[in-house]
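Subject: The structure I promised you

Hello,

Here is the structure to look through. Please open it beside this email, and then read on for what turned up.

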Amino acid sequence: MRTQDFSAGEAVSPSLAERVVAWQRTHGRHDLPWQNTRDPYRVWLSEIMLQQTQVSTVLAYYDRFLARFPDVAALAAAPQDDVLALWSGLGYYSRARNLHRCAQAVMEQHGGAFPRSSAVLATLPGIGRSTAAAIAAFCFGERAAILDGNVKRVLTRALGFSADLSQASAERELWACAEALLPATGMEAYTQGLMDLGATVCTLRKPSCLLCPLQQTCVGRAQGEPTRYPVKTRKLKRGQRSHALLWLEQDGRLWLTQRPDSGVWARLWSLPEYEDPAALQRLLAALPGQGEALPAVEHALTHFDWVLQPWLHELPAGDAAARAAAQALLPAGRWVSVEEAFEMGLPAPVRKLLERHGG
């Protein structure tokens with residue numbers, strides 16, 4: 001049951017937005033590379049990169065991405081493999097694929113100019129309602145509510161909103177509250193302020209309530225347990241997977257295969273993967289050369305934990321017959337040097353594996 005009832009036209013504190021704006025202008029973040037611009041390409045890129053990813057991780061990727069793709073036309077014209085290569089290690093690779101598709105849609109459907117309204121922005125690939133609102137607010141001054149994970153945390157605590165956000169009806173109600181709280185002016189500072197509060201003050205486990213501009217009226221703080229918000233009872237059951245990876249090498253080159261168009265790590269380049277370790281051992285027994293098991297790699301994804309057991313096998317140097325025999329048993333791919341592999345779109349654990357043992 002909710003601590004307090006809310007409706008779309010009801011703002012719990014009329015000055016909430018004013019306090020967020022004042023706090024942001026004094027204490028918020030102002031020196032991030034995607035701030036102080038109204039270029040929707042740069043804002044959009046940052047918003048996509050920041051989904052599920054911390055600012056500290058995004059910073060290096062953002063600058064490198066802009067150096068390679070300075071505008072939406074350059075990104076749209078690039079091969080998707082080049083986009084995935086630059087995204088390698090950032091995770092959640094569907095973001096990169098949608099980023100590329102969205103750039104192409106902006107070029108083909110909107111003449112290379114991002115739409116100015118959140119409603120139209122939300123029709124583009126990979127841009128949801130909250131991301132569309134952020135772009136429209138930062139770049140075009142639209143009064144549109146955002147509701148990413150950080151903002152949900154700030155608002156549910158400030159309002160004492162205890163409806164279960166695993167229910168669609170509660171999610172709609174919180175959206176209505178977010179819209180009711182919008183200020184008449186200062187949308188850019190308000191939107192950034194909510195993001196900054198969630199990222200730096202109203203954190204998941206240890207909120208710094210004494211530094212928060214909303215502390216005097218925050219229901220969660222008044223109750224003495226702000227971390228009970230937001231409420232979301234439905235939790236995903238994490239699965240477990242265990243696969244083997246084959247690192248096959250000859251003359252300083254290794255065999256990489258491109259993963260399917262859908263599923264985990266779609267279209268990234270990776271070492272051949274085997275669900276059945278015994279099948280891999282039978283393949284290795286048929287190949288000349290020698291090998292060894294490398295330390296297992298543990299990798300956590302959104303819905304499951306993955307244990308990857310790499311096997312390093314080196315074919316005899318200069319043996320073309322051995323190489324041909326191996327290729328006949330392997331999924332389609334290509335021979336590359338470790339240096340060349342680092343220029344391709346690699347899953348983070350594969351990249352780390354090559355960094356650790358590729359020298």
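There are 11 salt bridges in the structure, a salt bridge being a side-chain nitrogen of Lys or Arg within 4 Å of a carboxyl oxygen of Asp or Glu. This is a predicted model, in which local features need pLDDT of at least 70 and side-chain atom pairs count only at pLDDT 80 or more, while totals for chains, interfaces and linings use all residues. Residues are numbered from 1 along each chain as its sequence is written, and side-chain values use heavy atoms, with hydrogens and water left out.

**Salt bridges**

Helices (H or I, at least four residues) and strands (E, at least two) are DSSP runs, numbered from the N terminus. Are these two partners buried or exposed? D196 is buried, with 0% relative accessibility, whereas R29 is partly exposed at 22%. Here buried means under 20% relative accessible area, exposed means over 50%, and partly exposed lies in between (1.4 Å probe, protein chains only).

Another salt bridge joins E340 to R253, with 3.0 Å between the closest N and O atoms. This pair also links distant parts of the chain, 87 residues apart: E340 belongs to helix α15 (residues 338–341) and R253 to strand β2 (residues 253–258). E340 is partly exposed, with a relative accessible area of 37%, and R253 is partly exposed at 31%. Salt bridges with shared partners also join D81, D261 and R267 into one network.

Then there is D82 with R68, where the closest N and O atoms are 3.2 Å apart. D82 is partly exposed at 33% relative accessible area, and R68 is partly exposed at 40%.

Next, have a look at helix α8 (residues 129–140) and α11: their axes come within 8 Å and cross at roughly 135 degrees. Axes are lines fitted to C-alpha atoms, for helices over the stretch in contact, and angles run from 0 to 180 degrees between N-to-C directions. The angle makes α8 oblique to α11, since angles under 35 degrees count as roughly parallel, over 145 as roughly antiparallel, 65 to 115 as roughly perpendicular and the rest as oblique.

Which residues make the contact? From α8 they are A134, A137 and F138, and from α11 they are M187, E188, T191, Q192 and M195, with contact meaning heavy atoms within 4.5 Å.

**Backbone details**

A few spots in the backbone are worth a visit too. Y229 and P230 are joined by a cis peptide bond, with omega about -5 degrees, and P230 is placed in the loop between α12 (219–222) and β1 (239–250). D251, in the loop between β1 and β2, has a positive phi near 50 degrees without being a glycine. D251 is partly exposed, at 46% relative accessible area. W265 is not a glycine but has a positive phi of about 60 degrees; W265 is found in the loop between β2 and β3 (269–270) and counts as buried at 5% relative accessibility.
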